[in-house]
Amino acid sequence: MASLWSLMEVLIYLFLVAACGLLSAIIFEANRRRLNHSHVEAPAVFEDPNTSTQVSCPSIFDPAEKYISLVIPAYNEEQRLPGALQETIDYLQERAEKDKSFSYEVVIVDDGSIDGTKRVGREFSKKFSVDNVRVILLGRNHGKGEAIRKGMLHSRGELLLMLDADGATKVNDLEKLENQIHAFAKKESSGSSFRVSDIPVAAFGSRAHLEEKALATRKMYRNFLMKGFHLVVLLTAGPGIRDTQCGFKMFTRSAARKLFTNIRLKRWCFDVEIVYLCKRFHIPMVEISVNWSEIPGSKVNPLSIPNMLWELALMSMGYRTGMWRVHT
């Protein structure tokens, strides 16, 4: 019996040491990232395909020059990007032909790809003009969250849409998000004339309506991981958005300016931080069902879960302790 108690004491001691070590690591890393929202890295540039020169990007603080910007993060997407990009541009051109006031840009953010992603982007930019298709080069891989942040901070649209490079969500579903934003902005505006870009609103595409079917077809361990992750998200960011991880989100320019100048998470969980910051800034959020299909080649796998939990722990520590200050 004495040996059993000794074993339990050792296990408890090891657990406490591991817990203290983990907590120390979280505090250290959260403190290290307190300035991650600042552009301490080299400024983002886009490449002019006609002259092969690198040009400084515009800023989210500049007046809008386009009606809508579509930001596509891309890391080693040589195979999936061309089809999705062609479908996107076909849709945008069709709208521009019907409505002469409709203007757009597609911002491809190459997140340090080592395949032909940069070449694909350059070919589309050359074909459809650098005014409509731009490729921002990050140089090395930072993560999806950082790629989207850079794209948002250097876009020219009144409305800014983030979407994945695989084309999992049909691009014409942006009209659902767009219509909801316009309806809310019109309701919130004080006068008859207003610019939608000046009213902070966020619209999130959602796959929550597909959850029942997904549960029936996914493997048990994936359902377990998904439910556990949703619980952690609920505890971290609070209720309100059922599907935080859908890569199809739209923001007005004023909302994007507040959110993406404060984002610190650089990889998968930046979506959760967006929801948290929307609540901090009292930015209205609307969740809208979108058409979504599974596209082979996803970079999310079971090994991504520990990284996601790590980022959520950093976010909770950073904001709750005041290490991560929100700048207005």
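Is E158 buried or exposed? With a relative accessible area of 16%, E158 is buried, where buried stands for under 20% relative accessible area, exposed for over 50% and partly exposed for anything in between (1.4 Å probe, protein chains only). The structure is a predicted model, so to speak of local features takes a pLDDT of at least 70 and side-chain atom pairs count only at pLDDT 80 or more, while totals for chains, interfaces and linings use all residues. Residues are numbered from 1 along each chain as its sequence is written, and side-chain values use heavy atoms, with hydrogens and water left out.

First, the overall picture. Of its 328 residues, 48% count as buried. Among contacts (heavy atoms within 4.5 Å) with a separation of 6 or more, 83% come from residues 24 or more positions apart.

Now to the charged pairs. A salt bridge here is a side-chain nitrogen of Lys or Arg within 4 Å of a carboxyl oxygen of Asp or Glu, and the count by this rule is 18. E158 takes part in one of them, meeting R195 at 3.8 Å, N to O. This pair ties together distant parts of the chain, 37 residues apart: E158 sits in strand 6 (residues 157–162), and R195 in the loop between helix 5 (174–188) and strand 7 (202–206). R195, at 42% relative accessibility, is partly exposed. Elsewhere, salt bridges with shared partners join E65, K66, E105, D131 and R156 into one network.

Two other salt bridges stay within a helix. In helix 4 (residues 144–153), E146 and R149 lie three residues apart, about one turn of the helix, and their side chains meet at 2.8 Å, N to O. Both E146 and R149 are buried. In the pair K98 and E94, the closest N and O atoms are 3.3 Å apart. K98 and E94 are separated by about one helical turn because they are four residues apart in helix 2 (residues 81–98). K98 is exposed at 69% relative accessibility, and E94 is partly exposed at 42%.

As for helix packing, helix 8 (residues 253–260) and helix 9 (residues 270–281) meet at an angle of about 110 degrees, their axes 10 Å apart. Axes are lines fitted to C-alpha atoms, for helices over the stretch in contact, and angles run from 0 to 180 degrees between N-to-C directions. Helix 8 is therefore roughly perpendicular to helix 9, a label that covers 65 to 115 degrees, with under 35 being roughly parallel, over 145 roughly antiparallel and the rest oblique. K258, L259 and F260 of helix 8 make the contact with I274, L277, C278 and F281 of helix 9. Helix 9 also holds V272, which is buried with a relative accessible area of 0%. V272 and D243 are 29 residues apart in sequence but 9.6 Å apart in space, C-alpha to C-alpha.

Lastly, the surface. M8, I12, F15 and L16 make a nonpolar patch of about 410 Å². Patches are made of residues with over 30% relative accessible area and no salt bridge, joining like charges within 9 Å and nonpolar side chains (Val, Leu, Ile, Met, Phe, Trp, Tyr) within 5 Å. I12 belongs to helix 1 (residues 2–32) and is partly exposed, with a relative accessible area of 48%.

Methods: Areas by Shrake-Rupley, 256 points an atom, 1.4 Å probe, with all protein chains shown as cover.
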